[in-house]
Amino acid sequence: MSPTEGEPTSLATRATPDSGPGQQPKASEAPALRRRPHQSSRRKRKPMKQRKHGRSIDGSVVAVAVAGDTADADEDRLHQLGYKQELKRGLSVVSNFAFSFSIISVLTGVTSTYNTGLRYGGPASMTLGWLVVASFNGCVALSMAEICSAYPTSGGLYYWSAKLAGKKWAPLASWITGWFNIVGQWATTTSVDFSLAQLIQVIILLATGGANGYLASKYVILAIYGFILLLHGLINSLPIHWLSWFGQLGVFWNVAGVFVLVILIPSVAKERASTKFIFTHFNTDNGVGIHSKPYILAVGLLMSQYSMIGYDTSAHMTEETKNADKSGPIGLITAVALSSIFGWIYLVALTSIVTDIPYLLSTDNDAGGYAIAQALYTTFHSRYGSGTGGLVCLGVVAIAIFLCGVACITSNSRMGYAFSRDGAMPYSHVWYRVSKHEVPLNVVWLSVFVAFAMALTSLGSQVAFQAMVSIATLGLYISYALPIFFRVTTARKSFVPGPFHLGRYGVVIGWAAVLWVAFVTVLFSLPVAYPIAKDDFNYTPVAVGGVLLLSIVAWVFHARFWFRGPIININVDT
């Protein structure tokens with residue numbers, strides 16, 4: 001992962017061959033900053049009407065635009081953070097919100113992990129557990145929004161860690177945060193698109209006769225998955241205004257989908273669960289040998305936690321968002337708040353048609369054990385003598401998952417673009433390229449390739465593949481928690497907030513967020529079945545620990561000699 005010749009220097013000046021690792025070169029020996037050519041550098045800049053003092057990339061006091069043309073203000077702020085404008089800045093606050101809302105996609109998260117919630121605790125674990133997760137998740141989102149307002153860059157989390165961890169620990173903090181974030185994002189894309197392939201297989205199964213219908217092999221499912229990834233790569237190769245349209249379509253589809261399904265499902269059902277059952281029934285008949293109610297409840301939180309990931313997308317899109325230091329935080333918080341509300345309503349509506357938990361979880365039913373698909377199919381078949389209506393409902397969910405996958409690749413590519421811009425990825429000079437449409441095209445297809453490679457584990461072991469969901473959940477949340485932790489510790493007194501800030505409550509909310517992530521990290525590493533066997537072994541600690549171990553090993557033996565954190569690609573004095 002070494003930088004290529006001619007790469008720009010780091011925020012903390014790189015050591016020269018003569019000075020040795022850890023030594024600073026003399027001022028006269030410091031390598032000159034090298035600009036990467038781009039048309040944005042040729043733009044005519046409008047004079048700013050008013051400036052105030054802020055901090056530059058190296059901590060010195062610099063002027064920051066606060067009035068005048070918005071585009072120039074955004075570009076000026078990005079310059080102060082050490083970067084030149086290379087991506088097209090054309091997103092509004094609504095579009096920024098749309099990307100995060102689409103990638104959270106409660107229709108995706110709730111539907112694809114409903115089996116987990118139903119097995120571990122059932123209705124009470126899901127409906128009440130959702131409220132617990134939403135509360136603490138709100139603390140994480142608020143803390144991230146505050147930091148996003150201070151540092152609106154595509155790098156997001158790893159850049160924040162570099163700025164907040166202190167000079168001594170900034171490179172290592174940035175390195176580990178960045179790798180947890182990008183691997184978590186790749187795993188999220190894998191889990192989302194693979195869940196869509198599985199849902200398509202279930203729809204085909206039900207449409208061709210249920211238990212006696214066509215059951216696709218794991219190779220067919222992988223082929224469907226590959227085709228979905230290909231479509232997502234093609235869509236993300238389009239200019240940003242088209243991607244913005246897909247993001248807004250995702251918002252409309254998720255809101256309209258939840259609205260229609262919430263009304264339609266209970267009204268069609270001939271047999272509905274009681275309110276008491278929905279909010280108080282606790283399922284301990286999980287068939288995995290776990291009988292402790294607190295333990296079951298804790299494991300059941302995975303459904304809610306997984307359903308609320310990916311909102312760091314708003315941060316990764318800030319370099320393409322107008323009025324970024326305000327629009328980014330607003331987009332992030334709004335996406336989380338509305339997803340929490342709509343997700344809970346959708347969850348309650350789905351649970352209202354759950355009346356026979358063992359049957360819904362049985363692999364012998366028409367949907368092959370896919371609980372939500374079986375419940376919808378049975379509901380419409382009981383009312384109309386045909387399950388076609390249930391298949392239509394599943395189709396609505398499938399489109400929502402598809403749009404979620406589009407947003408996943410978008411977020412992957414922006415994070416990959418920023419990480420390679422700072423020289424942290426192998427062959428960074430290849431991924432750090434922008435097409436004529438100002439889209440990071442190479443890293444879009446890198447994201448597609450990595451996501452497909454991750455899914456190959458499904459051919460060997462379905463249990464091993466489930467680790468991808470764990471990496472997606474915990475990998476991202478660990479990367480969320482690290483900069484927040486630095487914000488409330490090393491940078492507690494030195495943090496300079498942006499336009500959006502939490503005031504005196506920032507530290508308290510930050511600690512709540514950090515402790516919650518620490519709790520769920522331990523929680524999701526616990527065994528999910530007793531006695532422990534290879535077929536139900538929880539690979540979460542192996543997968544997450546593997547990411548941590550590899551990143552540290554790479555750091556100790558290689559990256560610490562050259563990686564100094566985010567790299568400036570513009571002379572901040574110009």
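**Notebook: helix packing and one buried serine**

I began with H15 and found that H15 passes H16 in a right-handed crossing. The model I am reading is predicted. The two helices, H15 and H16 (residues 388-421), pack at an angle of about 145°, and their axes are 6 Å apart. I listed the residues that make this contact: Ala373, Leu376, Tyr377 and Phe380 on the H15 side, with Gly389, Gly390, Leu391, Cys393 and Leu394 on the H16 side. Sorted by class, the contact of H15 with H16 holds seven nonpolar residues, two polar and no charged.

Next I checked the length of H15. I then looked up burial along the helix. In H15 the buried residues are Ala371, Ile372, Ala373, Gln374, Ala375, Leu376, Tyr377, Thr379 and Phe380. After H15 comes Gly385, and I noted that its phi is positive, near 80°.

Helix H2 (residues 93-104) and helix H9 (residues 240-268) have axes that come within 8 Å and cross at roughly 60°. The crossing in which H2 passes H9 is left-handed. From H2, the contact takes in Ser95, Phe97, Ala98, Phe99, Phe101 and Ser102; from H9, it takes in Leu243, Ser244, Gly247, Gln248, Gly250, Val251, Asn254 and Val255. In the contact of H2 with H9 I count seven nonpolar residues, seven polar and no charged.

One single residue was on my list as well. Is Ser174 buried or exposed? I placed Ser174 in helix H7 (residues 170-207). Its relative accessible area is 0%, and because buried means under 20%, Ser174 is buried. Setting aside neighbours within four places in sequence, I found Ser174 in contact with Tyr158, Ser161, Ala162, Phe419, Phe563, Gly565 and Pro566.

Last, I took down the totals. The protein has 22 helices and two strands. I read 58% of its 574 residues as buried. For contacts between residues at least 6 apart in sequence, 80% join residues at least 24 apart.

Methods:
Residues are numbered from 1 along each chain as its sequence is written. This is a predicted model: local features need pLDDT of at least 70, side-chain atom pairs count only at pLDDT 80 or more; totals for chains, interfaces and linings use all residues. Side-chain values use heavy atoms; hydrogens and water are left out. Buried means under 20% relative accessible area, exposed over 50%, partly exposed in between (1.4 Å probe, protein chains only). Helices (H or I, at least four residues) and strands (E, at least two) are DSSP runs, numbered from the N terminus. Axes are lines fitted to C-alpha atoms, for helices over the stretch in contact, and angles run from 0 to 180 degrees between N-to-C directions. A crossing is left-handed if the near helix is turned anticlockwise from the far one by less than a right angle, and right-handed if clockwise. Contact means heavy atoms within 4.5 Å. Ala, Val, Leu, Ile, Met, Phe, Trp, Tyr, Cys and Pro count as nonpolar, Asp, Glu, Lys and Arg as charged, and the others, Gly among them, as polar.
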